[in-house]
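Subject: A structure for you to look at

Hello,

I am passing a structure on to you, along with some notes on what turned up in it. Please open it first and then read on.

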Amino acid sequence: MMSSGLYAMRQMSKLLLVIGFVLGFAFSTPRIAQAQATGSIHGRVMDPTGALVSEATAVLTQGSGRSETQSSKDGNFSFKSVTPGTYAVTVDAAGFATYSKEGVSVRSGQVVDLSISLTIKVEQQTVSVSDRNSGVNVNPDENASALVIKGADLDALSDNPNELANQLQALAGPAAGPDGGQLYVDGFSGGQIPSKSSIREIRINQNPFSAEFDRLGYGRIQIFTKPGTNKFHFRFLANASDSALNTSNPLVSQQPNYYMTFFDGNISGPLTKSASYFLDVIRYDLQGQSIVNAVNPDNISSTFSEAVPNPSSLTNIHSGLDLQTGSNNTLILREFYFRTVQTGAGVSALNLPEQAYKTDNQENTFQVADAVVVNAHLLNETRFQWRRIRNDQAPSYFSPTVTVQGAFTTGGNNQGVIQDHQDIFEFQNISTATIRDHTVRFGMRLRAYRDANYANSGTNGYYLFNSVAQYLAKTPAQYQATVISNLLARVLVFDGALFFQDDWRWKPNFTLSYGLRFEGQNRIHDHNDWAPRLALAWAPGHLGKTPPRTVLRAGYGWFYNRFTVANTFASSGSGTNATTATPYIIQAIHQNGINQQSYVIDNPNFYDPNAAAPTGTITSATGSIPSLYSIDPHFHAALDMQGGIGVDQKVGKNLTFNVTYLFTRGFHQYFTNNVTAPSFNPSTYTVVGSTPSTFNYQFQSGGVYKQHQLILTTNAQFQRMSLHSSYTFNQARSDTQGVTYFPSIAQDPSLDFGRPNFDIHQSLQLLGTISAPYAITFAPILFAQSGTPYNVTIGRDLTGNNQFNARPTYGTCGAADVVSTQYGCLDSNPVGKGEKIVPFGLGTGPANVSFSIRMSKVIGVGPKIGGPAPSQGAGTGSGIVTSGALSGGKLDATAKRKYNLTLTAGAINLFNIVNLASPNGTLLSPLFGKSQSLATGAYANPLPGNRYIFTSAIFSF
């Protein structure tokens, strides 16, 4: 099965080698130019890690003559029509030492190429406000719809890694399709979010149609960490909050005390003249709570509302070495240690305290990157990452799980004991070449996932009741249990990719970007995925030397989503349960009918909530049906086809905005289907086939979706204020909600084509920093969105797919079994009546709004370190601010004293708005139409209250 895929990869590899050889030969061979009276200078600016540096100021001088330009987002700058002679070139960039080169000789007709590697500036007393300028241009990675956050703009984001993950997802906006956005840390996919103090910059939605990346560009988040420094620096942050400062959770009447403490220490300094190091340590402790708001199983006429203790801790150690191994070579070593421990996980709105389990998740990550400047035209980067992950999970109780649909779940947790050992390897080699008006990037990525998973899930038994009345009568609708022969499943998964990308500056006002990507993986039928990419940027009517004011952009590309979870956004939250890199493949190996065999018994004649049924009873009971999981033999990698058109516009000196329209079609989207389910007639709502001998739950790739998005972004840089805003209007239709979604009718998934949970019509994000009088900085952040669609179900299996997700029909008001709702009169027993089934995603949850703010002030203490202090309330409009002895409005500013103390106070959900999650959609539940929990994501509070107030102090020198 792999032969065709390996053949294609070999051919692509040969093609890339030939291209690399030709380009390398071209770049190392003297250029033959037409005779002309002048020459030119082209340069490329990089930091010590080999990353490209934008907005660096390059100055060309000869005697009293002087010419100045800035590097673009791809790090390039040029001086054209240079009179032959000898010049000096200097390059300045915020946060880096000045680069200077004397004796640059330019001859007639010659093109001089400079490859410039900057070093970290030690005695730095300035801070860049933003990486983005207030202009627009035709560079492919300088689209105005992107957001680059660094320096002071990072102030608005949370120091808490859990909350930071939620904020970044919200700032990236709603990604197309059910799979969400993608996270990169220092060029690697997946992984944990590092501490904010070690982040150099964050790029969101940049260069969305580049062939270098596998997933959709809108929704992509790239995090780059800081290198070491050549002078010793120390920084220590203490952050705390207590329930006494916060408002209580509105879903419980009584709430015990809780607290949170957070510490972050960072040191960096030199080892030798050409080597530096850093070490960052985080400790996070939360005495938290999980809020339960369910039907009381001991008194069904009442609600069980309780704040259940849920303590958790997080330890994160991040260290690194930066080695300048030669004038053209930089070696980078990084090591991460990450551990989360949580007691009381698994408890939530409808999950009672007995559902709790304990998790202990650990991850070690080792990274090595080597950047080599081969010659003036060619840069090669080699990267390797090894993630060693160990996850352990154990339930508090081992009694059978008992669920009443839409009402509550009690008893032992059905996930059981899980021990998962993973090793994830990733290797990349990427080259960047420049020749004339072309910037070419080409390379490869190889990944391997080794997973060994021990699990006894399902052995405790599972009783399911359709309604509270069934529960009171002790007549379960179904009993499920798993009989295990082999507790261990092992898998080795590979995927690989090759890409080629050319950004061609055809004219000064026109850039054409085109590329091709090839991907493939094992363990599925599909091995050959070709992903073409095309984009253009045009500044109409602009041929001058000054920056344009209007740029039109368009792009189109194919994007594939691998059948693993390694590409999904990885939160560093301490509340996640044990997951694997290949969960669906592992599940298919576990439950293949040999290693483990699950059984389903409808309407069992037994019920014991204290002990699982004996194996003999399970296998021989009347109506016992075995079930298994498999992967469709025709499985195809999910494909997203996205096209977009937009305009970047500069208004005045300080404002740019962008309007972009995106249309995305999804094919081969993932879901799980019961392929042995009996036939079903939707017009009469009756099962017409016979009961199968086995239920085969198969991972399939037959889903589709289509999505329209209109995105408006604004970036403003004023003297005392920096603001970024993004508004998205979104409309989507889909027949799947993701890989774990079961179609309500197995034979026709298209009947579920409706409003998916990513059809959130409107969303708004605002991020800013404001420099107030007395050198106080305010950093506001606003998130708002309209309601999330949710599905309305009966809570019964009426379609024969063994999933309790049948939807009601529109019935006659006042008739038997018909429930009057805000969505009309819905029939909860539509069998044989010929009524119309309600559409998928019938309901709409409440809108959510969260406004948060941080206020900070830097106080310099100790001896002065040179230079007069600026006046109070120094502005930041130039993009650079110098802090005074008792002033300085930036969290990361350095006042002109030896020691600095930063005091911060802030509030999450400042206006105490109650942001509720989507209501209960089970029609027969006593809680139907009510929200049992608060909203998640950016609208969630890291603590179990509603408004969260915190204080922090940072000491640094």
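Please keep in mind that this is a predicted model.

Let me begin with the overall picture. The protein has 957 residues, and 58% of them count as buried. Its secondary structure consists of five helices and 49 strands. If you take the contacts between residues at least 6 apart in sequence, 72% of them join residues at least 24 apart. The accessible surface is about 36,500 Å², and carbon and sulfur atoms account for 58% of that area.

Next, the aromatic rings. How many aromatic pairs does the structure hold? There are 38 of them. One of these pairs is phenylalanine 232 with phenylalanine 957: the ring centres are 5.9 Å apart and the planes meet at 45°, so the pair is tilted. These two residues come from distant parts of the chain, 725 residues apart. Phenylalanine 232 sits in the loop between strand S13 (220-225) and strand S14 (233-242), while phenylalanine 957 belongs to the segment after strand S49 (948-956). Phenylalanine 232 is partly exposed, at 42% relative accessible area, and phenylalanine 957 is partly exposed as well, at 32%.

There is also an aromatic cluster to look for. Its members are Phe563, Tyr584, Tyr629, Phe635, Tyr670, Phe695, Tyr697, Phe699 and Phe742.

Arginine 220 lies over the face of phenylalanine 213, 3.8 Å from the ring centre. In the other case, lysine 507 places its charged end over the ring of tryptophan 506, at 4.8 Å from the centre.

Now to the cysteines. Which of them form a disulfide? A search of the whole structure gives one disulfide, and the partners are cysteine 813 and cysteine 825, with their sulfur atoms 1.8 Å apart. The torsion about their S-S bond is about 95°, so this disulfide is right-handed. The two cysteines are twelve residues apart: cysteine 813 is in the loop between strand S42 (809-810) and strand S43 (818-821), and cysteine 825 is in strand S44 (residues 824-827). Are the two ends buried or exposed? Cysteine 813 is exposed, with a relative accessible area of 55%, whereas cysteine 825 counts as buried at 12%.

A few backbone details are worth a look too. Most residues other than glycine have a negative phi. Aspartate 186, although not a glycine, has a positive phi of about 50°, and you will find it in the loop between strand S10 (182-185) and strand S11 (188-189). Lysine 474 is not a glycine either, yet has a positive phi of about 55°. Lysine 474 lies in the loop between helix H3 (468-473) and strand S26 (478-484), where this residue is exposed, with a relative accessible area of 58%.

Finally, have a look at tyrosine 357 in strand S19 (residues 357-375). Tyrosine 357 is buried because its relative accessible area is 6%, and buried means under 20%. The C-alpha atoms of tyrosine 357 and threonine 343 are separated by 6.5 Å, and the two residues are 14 residues apart along the chain.

Happy exploring, and do write back with any questions.

Best wishes

Notes. Residues are numbered from 1 along each chain as its sequence is written. This is a predicted model: local features need pLDDT of at least 70, side-chain atom pairs count only at pLDDT 80 or more; totals for chains, interfaces and linings use all residues. Side-chain values use heavy atoms; hydrogens and water are left out. Rings of Phe, Tyr and Trp (its six-membered ring) pair if their centres lie within 6.5 Å; planes under 30 degrees apart count as stacked, over 60 as edge-to-face and the rest as tilted. Helices (H or I, at least four residues) and strands (E, at least two) are DSSP runs, numbered from the N terminus. Buried means under 20% relative accessible area, exposed over 50%, partly exposed in between (1.4 Å probe, protein chains only). A charge sits over a ring if NZ of Lys or CZ of Arg is within 6 Å of the ring centre and within 35 degrees of the ring normal. A disulfide is a pair of cysteine sulfur atoms within 2.5 Å. Contact means heavy atoms within 4.5 Å. Accessible areas come from the Shrake-Rupley method with a 1.4 Å probe; for residues, only the protein chains shown count as cover.
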